[in-house]
Amino acid sequence: MFKVIKVKLNYMNEVAGLVRAPSISWQMVSDERNSCQSAYEIQVSLDKIFSCILYDSGMVLSGASAGILLALELRTAQRYFIRIKAQNMKGVWSTWSVPVTFLSGVIDNAWRAKFISAETEKDVDNSKGTYLRREISLEKEIKSASVYATAFGLYHFFINGQRVGTDEMTPGWTSYHKHLMYQTYDVTSLVKKGANALGAHLGAGWYKGLMSFNHIRNIYGKQTAFLAELHVKYQDGSEKVFSTDENWRGTDSPVIFSEIYDGEIYDARLEKPGWNDLGFNDKEWHSVQIISGDTSILSPQYASKAGINDCLKPKRIFQTPKGEAVVDFGQNMTGWIEFSVNGKAGDRVILKCFEVLDGDGNAYFANLRAAKETIEYTCNGSGTERYHPNFTYQGFQYAQIVSWPGTPRMENFVACTVHSVMEQTGFFECSNSDINQLQHNILWGLKGNFLDVPTDCPQRDERLGWTGDAQIFSRTACYLMNTYAFYEKWLQDVVADQTPEGGVPHVVPDVLTGYSEKDTFMNQGTDSATAWADAAVVLPWSMYLTFGDTGIIHQQYDSMKKWIDFMHSHADDKGIWHYKLQFGDWVALDAEPGSYFGATPNELVCSAYYAYSTGLFAKMAKAVGRKSDAAVYETRYKQIVQQYRNNFFDAAGNLIAQTQTAHVISLYFNLVEDKYRAKIAKRLVELIRKEGGHLVTGFVGTPYICHALSQNGYIQEAWKLLLKEDFPSWLYQVKHGATTIWEHWDGLKPDGTMWSADMNSFNHYAYGAIGEWLYRAAAGLEIDESHPGYQNILFRPLFGGGLSYAKASYKSVYGKVEIHWQIDGNTGCVKIIVPVNTTAQLRLNNVSEIIEPDGLTFSLLKNGYETKTGSGEYVVKFKVVN
């Protein structure tokens with residue numbers, strides 16, 4: 001049996017709105033081991049029975065089954081079907097795969113629609129909701145219909161009273177003046193011959209609502225606006241396009257106020273039943289305004305749009321010592337509360353969301369800073385009323401029930417998580433329940449902060465796309481979720497907001513530059529901090545490793561090169577680069593009292609990342625055939641490394657900066673001469689012991705500290721560091737009831753007091769970067785850099801930590817990759833799964849004997865065994881070194 005079981009487009013299971021032919025990848029299964037592809041054939045058709053084939057590759061002699069590009073030009077609003085068949089090395093062909101399909105977008109941005117608004121410039125200080133509507137007539141029998149929509153602000157679209165799609169917070173957050181996404185929907189089932197009603201509901205969102213800790217309104221514009229096209233194909237072959245224009249009408253909606261930070265105020269007494277359906281009388285509505293908008297900057301959001309992902313029931317409703325009525329959902333999350341209520345017209349529901357209880361068990365709001373996170377709903381008295389916010393989201397585990405008609409009951413509430421919809425690809429578990437909870441917290445930290453943009457936090461008056469957080473967490477994120485479309489979209493805004501000189505803003509989209517003059521901290525500079533700006537290089541590298549995709553390198557190539565050259569242009573003769581505000585090893589515990597800046601010198605951190613990013617760029621230039629650039633930047637990389645050694649090591653090979661982070665990044669970034677590597681690793685261990693076995697690293701050192709230990713022979717020391725339970729440690733948070741990752745190791749102190757409220761998020765994924773070590777090192781599921789995308793898998797488990805087992809799996813481009821190891825006394829067992837069309841290398845350290853090799857041939861190493869194999873499932877038993 002040899003079969004093609006799954007076809008992905010642009011590495012995603014489902015896509016819509018493509019304007020270029022997608023890259024195609026497929027997965028195969030076989031009942032034989034060591035199964036590989038020798039040839040393939042791809043067909044593209046306009047129908048699902050493939051009677052109208054547009055493209056046929058013919059038999060292609062190739063083993064490639066990922067990232068295949070087609071020479072196919074797309075037409076606007078056309079549905080395409082793709083199928084694959086493959087041949088194995090024995091010459092056996094599979095049957096055709098189940099077809100995958102996609103709907104194309106607006107090719108060449110040939111838009112006919114206009115941006116329309118129900119607001120006027122007098123609404124500059126309003127964050128209300130508005131309705132837009134129009135009725136149209138479809139005069140013939142309909143074959144298909146598709147909608148392309150976007151907004152200045154946020155929108156929901158309706159046809160004949162029915163909601164179009166299930167996406168939320170569309171069109172998402174981008175650098176709106178330079179880059180705006182639109183969404184694509186197949187609405188064939190919603191339209192009908194004859195009269196049809198089109199309606200849109202708009203809110204302020206990121207576009208014109210108050211944004212950032214600088215509390216600036218109208219950063220992108222003063223009026224919300226909507227743009228949409230309905231493309232209809234009739235059975236007779238003719239087509240018609242209906243667009244937003246002067247013929248629409250508008251009015252205010254029951255959303256009195258809705259903003260990202262402060263929540264939503266909704267008055268159900270102002271509802272207009274049937275407003276988005278046929279026959280509604282809109283004579284009292286007013287004409288719309290045409291708003292100027294550049295349609296050339298539009299691009300399709302083909303996947304990973306935000307939506308509702310989970311629905312959680314409350315764990316309890318209780319009264320705090322202060323007498324506050326509180327509903328507890330048992331999990332810190334991002335999204336909103338949906339509720340049902342019975343009340344008289346004018347009765348109000350008021351919910352104030354928050355993350356944690358204080359040391360006395362009362363509601364704690366101080367860490368929200370100026371964000372209100374409050375939902376106010378006024379009943380219309382129609383019976384059971386059901387509501388959730390329209391254009392906002394909250395970060396919360398709890399909500400104070402400030403006002404409620406009657407007695408609130410648990411069945412009245414459900415919490416809905418809202419974040420970008422991504423397939424979970426990584427799964428990890430082990431015999432230690434605390435580590436499993438840590439892994440849970442890491443995953444939920446991602447879910448809470450991947451709402452269209454990788455934010456720092458989801459609750460306070462910030463929620464910004466901090467590039468440093470995104471950079472250090474990217475490898476972990478790529479294990480946990482299929483982040484391809486999510487990161488690809490965000491990286492386009494990195495390009496859009498990059499300075500002409502090549503600098504990269506601290507946050508993307510950039511809402512700080514030009515708005516931080518009164519901020520005594522940020523007015524020192526709002527771009528190009530090392531480790532933050534390096535997201536421009538590190539994220540494409542993480543994606544290249546994970547998916548084996550060179551497309552992302554091509555997309556980001558000029559941006560990466562500009563950033564590398566920016567550092568070079570600001571480097572002095574010693575190779576140390578300087579530029580405005582640098583965060584360094586941010587919030588490290590070795591900082592001076594009252595300071596957020598760690599003790600590791602900024603010059604060292606800047607130089608280390610200068611080398612690291614330059615080296616990664618040289619590798620990516622080589623991967624896409626840019627040989628000249630590869631040679632230039634490889635030479636520059638070597639020069640920077642040598643300058644780093646000259647600047648930051650003494651003559652005996654010791655680091656001058658005696659901090660944990662200095663040793664960690666010198667080791668992990670391979671900046672230490674080989675002859676001194678053992679000395680530097682040993683010194684790192686000593687520095688950890690000096691702190692009682694604890695880390696004192698910040699944003700820069702923490703992601704790599706366990707790697708720096710385990711990669712240099714200190715495996716058990718890495719385990720000990722991970723398993724620490726007292727402050728500061730990952731498990732300290734677990735032991736104190738955390739369900740997400742905290743911003744500070746001791747956000748909640750042992751005595752019940754809080755870290756300073758000005759910066760104390762309890763859902764801040766950055767320190768969750770330890771998740772990468774759990775997958776790559778502890779479980780042993782590693783990527784081969786020379787064969788990225790799991791084309792060759794490196795299984796290298798690190799037994800230890802008192803664990804009796806660890807198990808990790810990843811849904812790769814080629815299929816499921818898995819390792820599951822178990823230790824029982826002096827014997828062990830490891831199971832690996834290698835997908836068809838891939839190979840693997842299994843290395844077992846601290847193993848004295850292979851008992852049952854399961855058909856594999858092992859080579860003896862200094863401290864274990866190693867083997868190479870092709871696809872299949874293998875179970876190997878062995879003896880461990882006592």
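This report describes strand pairing, aromatic contacts and nonpolar cores in a predicted model.

**Strand 6 and its neighbours**

Strand 6, which spans residues 79-88, is mostly covered, with eight of its ten residues buried. Strand 3 (residues 37-45) runs antiparallel to strand 6 and is joined to it by eight bridges, and within this pairing Ile42 has Ile84 of strand 6 as its bridge partner. Strand 6 is also joined to strand 7 (residues 100-103), again in an antiparallel arrangement, through four bridges; here the bridge partner of Ile82 is Val100 in strand 7. In a regular strand the side chains alternate between the two faces of the sheet.

**Aromatic pairs and charges over rings**

The model contains 71 aromatic pairs. A pair of aromatic rings is described by the distance of the centres and the angle of the planes, and the table gives these values for two of the pairs.

| Ring pair | Centre distance | Plane angle |
|---|---|---|
| Tyr131 and Trp275 | 3.7 Å | 10° |
| Trp745 and Tyr767 | 4.4 Å | 10° |

With planes at 10°, under the 30 degrees that count as stacked, the rings of Tyr131 and Trp275 form a stacked pair. This pair links distant parts of the chain, since Tyr131 belongs to strand 9 (residues 130-138) while Trp275 lies in the loop between strand 19 (263-267) and strand 20 (286-287), 144 residues apart. Tyr131 and Trp275 are both buried.

The rings of Trp745 and Tyr767 are likewise stacked. Trp745 and Tyr767 both lie in the loop between helix 13 (730-735) and helix 14 (770-779), so their pairing ties together parts that are 22 residues apart in sequence. Both residues are buried, and they belong to one aromatic cluster whose members also include Trp466, Trp532, Phe699 and Trp730.

Two charged side chains are placed over rings: Arg83 lies over the face of Phe50 at 4.2 Å from the ring centre, and the charged end of Lys447 sits over the ring of Trp444, 3.7 Å from its centre.

In soluble globular proteins, nonpolar side chains tend to be buried together. The largest nonpolar core here has 227 residues, of which Trp26, Ile42, Trp206, Trp730, Trp773 and Leu844 touch the most other members. Helix 7 (residues 602-623) supplies the largest share of this core, 13 residues. Leaving aside residues up to four places away in sequence, the contacts of Trp730 include Leu438, Leu695, Ile705, Cys706 and Ile770, together with Trp745 and Tyr767. A second, separate core has 28 residues, among them Leu132, Ile142, Ala145 and Ala200.

Technical notes. Residues numbered from 1 in each chain as written. Predicted model: local features only at pLDDT ≥ 70, side-chain atom pairs only at ≥ 80, totals over all residues. Heavy atoms only, no water. Buried < 20%, exposed > 50% of the residue type's maximum accessible area, 1.4 Å probe, protein only. Helix = DSSP H or I, 4+ residues; strand = E, 2+ residues; numbered from the N terminus. Pairing = 2+ DSSP bridges. Phe/Tyr/Trp six-rings, centres within 6.5 Å; stacked < 30°, edge-to-face > 60°. Lys NZ or Arg CZ within 6 Å of the ring centre and 35° of its normal. Core = buried A, V, L, I, M, F, W, Y, C linked by side-chain atoms within 4.5 Å. Contact = heavy atoms within 4.5 Å.
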